[in-house]
Amino acid sequence: MFKKLVSFIAFFALAVIQLSAQTAPTAAPIEGKSKYDQHALFGPLFYPNAGNEFRAASGEPGHAYWQNRADYKITASLNEEKNEITGSVVISYKNNSPQELPFIWLQLDQNLYDLQSRGQAKMPATGRSRYGDAKSTFSGGYKITAVQLVSAGKPTENIPYVINDTRMQLRLAKALSARTGAVSVKIDYSYVIPEYGSDRTGILKTKKGNIYAVAQWYPRVCVFDDLQGWNTLPYLGASEFYLEYGDLEATLTVPASHIVVASGELLNAQEVLTPIQLKRFNQAKGSDTTVTIRSEAEVSDPASRPAKATCTWKFSISNARDFAWATSKSFIWDAAKINLPSGKKCLATSVYPAESAGVKGWGRATEYTKGSIENYSKRWFEFPYPVASNVASNVGGMEYPGIVFCGSTAKTEGLFGVTDHEFGHTWFPMIVGSNERKYGWMDEGFNTFINTLAGDDFNKGEYKSAKTDWHQYAKYVIFVPTSEAMLNTPDVLQERNIGVALYMKPGYALTLLREQILGHDRFDYAFKKYIRDWKYKHPSPYDFFRSIENAAGEDLAWFWRGMFLENYKLDQAISKVDYIGNDAKNGAIITIDNLDQLAMPVVIEYTTKSGKVERKNLPVEIWQNNSSWKVKLNTTEELQKVVIDPDHSFPDMNSANNTWKAN
Ligand SMILES: [Zn+2]
């Protein structure tokens, strides 16, 4: 999902004014006031368990790592009058676990929109949540009409099932055997698409027709893993998804006036496109510049679509954990080729209404999509899907494999930002399939981190962001008094804290690790290895911590503990400058203090009377024994000024005590 950062930027502007009004104070001794306890931060017991055959101590999947698999074949149609999806899904489920499975749990996420749901009960009585509205009169949810066992390709007996809120349990007559059990289940269902579906699915009304952004639209299997067994947390709105991998095929019947884009490759272009559209579609596959497949003028021309009642569009995607699609008669459609490092090509494509067209708007959406995917493929891991579809919708920003929904009113930098963010999710959680329902930071935070680099890279820095002052960021954003630790489920965090706890803070934490603690080479090597090792798998937070520590060769328990598990704050200070033997010729002793619960490496910059500027870097280990530390500087003349963290790289809450000046 996407978080608007406007309010934080306004906050920054205010912070700058306040700070510039302060003068650098003269440092004074602050002994005895520190909240810091090195035993708490550097305690040796960090991992709750030793590595095992499923998840190795090195952070790699263990030699007996397993996960189950779910393949889906979905046939569905849209009734435009009723905004209703009617579908039938055949789920082929394979049990690779060492356990016998007497039942299977499924996600019925649409049941959130039943007015009696748990999530609906959590919506605020006054005001509005991003995820819903207590005043809503829309009563949605799945209607399940049949649940049957499939054998030899045919539905046979009914399977007894229980629905509880957004979960459904299939009680199997015969348990699935450990390691080899497999079953195919057919579920017939329908539901009415909510106009506003927690900012993840919805219907946008435009002058030329509705845009349907269709997601969470079929029953999906819950993950059964070695950590938790069945992961059955209900869908309440804030927490996202945890899904199994497999191959998905969708056969979608919509009015013939519609254009459909979806996760995966369009398999029957010749059946659903006009000859001219087909020609342009194929031309786009070889073009580095954007090719219009259906122009704004053609949207009003009935000849731009086949003259029949409906069209059936077929798509397929492999190694994916989900499938989403969008359909509308209002779509302008364009596309261009994406070049991948291996030499493979795939397709970037955008659909949007006339209201969103133009070079300041969605006219560049395909260029942004292509730019983002080429960049991430080069930096981290090659984009694995045949198509990347960008859809203008009433969803602010939401990701699915091979397709994203972005706000139809987004423009220029904003449209680049949301496109880049949503396609960044291809890597987290589409390729690296972490548990979003519990650990939002493992997809949103990691994605926010890779976004910062992509923003700098796109079109020679067209949307490069200004350098962040991390001291102000710490004081006014990350460590405000109401902040919460990132290791909380999105459902438990205050809604206003989700942007900081799950996006900004973990994003910054990885930047800090890369820029200040490990360096680019060690960090990038370890991060790429984590992606490679856990592609299409389910890493836990500890698998991530272990991966980075092992590949970078660094015990980072203090960092994970302080920044991720706890919400420890940082305040580095300088309290004293003395000359050895009271003579500047002998060198200086600088006393620095660590005043809050977190510790970080220290960068000291000092300026001598004659104007020489030098730096001294100290590792975090100086804080292993004390909250106050003396540093010798080999100067031969008096000092004019000493500053800790002169570049404002560390999350120091209080810049005011970082500078010493000679009287
Ligand atoms: Zn996101």
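Predicted model: local features only at pLDDT ≥ 70, side-chain atom pairs only at ≥ 80, totals over all residues.

Biologist: Which residues does V391 touch, not counting residues up to four places away in sequence?

Modeller: V391 is one of the residues that touch the most other members of the largest nonpolar core, a group of 175 residues. Leaving out residues up to four places away in sequence, the partners of V391 are A213, V261, A326, V351, I403, V404, F405 and C406.

Biologist: And which helix gives the most to this core?

Modeller: The core with A213, V214, W325, A326, V351 and V391 as its most connected members has 175 residues. Ten residues is the top contribution, spelled 10 if you're counting along, and it comes from helix α12 (residues 498-517).

Biologist: Now the open sheet: which are its edge strands?

Modeller: The six strands run in the order β18-β21-β22-β23-β25-β24, with mixed pairing.

Biologist: What is the bridge partner of M398 in β25?

Modeller: Strands β24 and β25 (residues 403-407) run antiparallel and are joined by four bridges. In β25, M398 is partnered by F405.

Biologist: At about what angle does helix α8 run to β25?

Modeller: Helix α8 covers residues 412-424 and lies across β23, β24 and β25. Its direction relative to β25 is about 150 degrees.

Methods
Residues numbered from 1 in each chain as written. Core = buried A, V, L, I, M, F, W, Y, C linked by C-beta atoms within 7 Å. Buried ≥ 20, exposed ≤ 12 C-beta atoms within 10 Å, placed from the backbone. Helix = DSSP H or I, 4+ residues; strand = E, 2+ residues; numbered from the N terminus. Contact = placed C-beta atoms within 7 Å. Pairing = 2+ DSSP bridges. Axes fitted to C-alpha atoms, helices over the stretch in contact; angles between N-to-C directions.
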